[in-house]
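Subject: Structure handover

Hello,

Here is the structure I promised to pass on. Please open it first, then read the notes below.

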Amino acid sequence: MIRPELRDRLRRHSEAIVSAAVAVLGIWIATRGGWFWGVLGAGLAGVGAVLALGAVRRSFFHRDVASPGLVEVVEGAVRYWGTDSMGGEMALSDLSEIRLIDLRGHAHWRLRGAGPEALLVPVDAQGAEALADAFARLPGIDMGVLAQAMRVSDAPRLAVLWRRPHHGAGNRPPTP
């Protein structure tokens with residue numbers, strides 16, 4: 001009954017739709033009168049809004065699985081289990097730079113550590129949407145920049161999307 005492209009779009013955004021419905025239900029409950037219903041409804045609306053924000057953020061990272069391998073974010077580390085020589089693990093605390101690159105016609109996250117090591121993770125590998133929550137915890141990251149890079153499919157993918165801010169003594173701006 002439902003067109004396949006509409007069904008796919010609804011499925012992709014179902015978490016955000018349900019979370020927004022919870023927020024609306026909370027607002028409705030809050031307007032029923034009385035302090036009890038007001039507090040209960042406001043709390044429910046807040047929870048729904050936070051869940052909806054996370055769902056929208058993750059929806060930009062969702063892709064149909066088209067690359068081999070598995071992505072996991074466990075205990076503050078990104079793990080990519082590839083089927084060929086690619087694969088590995090990088091702690092989020094060691095992450096110094098994020099780029100979105102094109103490799104053999106497929107988009108990959110290039111996660112660079114403090115040293116010369118880098119981890120390439122296909123954006124369309126199973127579990128890659130978990131990177132949205134992992135990246136959101138990085139200091140100074142603009143998730144809008146990452147989402148825009150994911151939306152633009154024909155743009156050159158070489159620019160640095162995030163770099164860890166350095167606050168060491170050697171990196172302070174000169175004082176006048």
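Start with W28, which is found in helix α2 (residues 14-30). Helices here are DSSP runs of H or I with at least four residues, strands are runs of E with at least two, and both are numbered from the N terminus. W28 counts as partly exposed, at 48% relative accessibility. The scale is this: buried means under 20% relative accessible area, exposed means over 50%, and partly exposed lies in between (1.4 Å probe, protein chains only). W28 and L44 are 16 residues apart along the chain, and their C-alpha atoms are separated by 10.0 Å.

Before going on, note that this is a predicted model: local features need pLDDT of at least 70, side-chain atom pairs count only at pLDDT 80 or more, and totals for chains, interfaces and linings use all residues. Residues are numbered from 1 along each chain as its sequence is written, and side-chain values use heavy atoms, with hydrogens and water left out.

**Helix pair**

α2 packs with helix α3 (residues 35-59) at an angle of about 165°, and their axes are 7 Å apart. Axes are lines fitted to C-alpha atoms, for helices over the stretch in contact, and angles run from 0 to 180 degrees between N-to-C directions. α2 and α3 are therefore roughly antiparallel to each other. The cut-offs for that word: under 35 degrees is roughly parallel, over 145 roughly antiparallel, 65 to 115 roughly perpendicular, and the rest oblique.

**Sheet**

There is an open sheet of 3 strands, in the order β1-β2-β3, with antiparallel pairing. Two strands pair if DSSP finds at least two bridges between them. β1 (70-74) and β3 (88-91) stand at the edges with a single partner strand each, so one side of each has no neighbour in the sheet. The twist averages 15° from one strand to the next. β1 and β2 pair over 5 bridges. E72 has R79 in β2 as its bridge partner.

**Core**

The largest nonpolar core has 30 residues. Such a core is a set of buried Ala, Val, Leu, Ile, Met, Phe, Trp, Tyr and Cys residues joined through side-chain atoms within 4.5 Å. L95, I98, W109, L111 and F135 have the most contacts inside it. Among the elements that give two or more residues to this core are β4 (95-103), β5 (106-113) and α5 (143-151).

**Salt bridges**

How many salt bridges does a search of the whole structure find? The search finds 6. Each is a side-chain nitrogen of Lys or Arg within 4 Å of a carboxyl oxygen of Asp or Glu.

E5 bridges to R3, with the closest N and O atoms 3.2 Å apart. Both E5 and R3 are exposed.

E97 is buried, at 3% relative accessible area. Its side chain meets that of R99 in a salt bridge (2.8 Å, N to O). R99 is partly exposed, at 22%. E97 also forms a salt bridge with R163 (2.7 Å, N to O). That pair links distant parts of the chain: E97 lies in strand β4 and R163 in strand β7, 66 residues apart. R163 is partly exposed, at 47%. Salt bridges that share partners join E97, R99, R110, R112 and R163 into one network.

Best wishes
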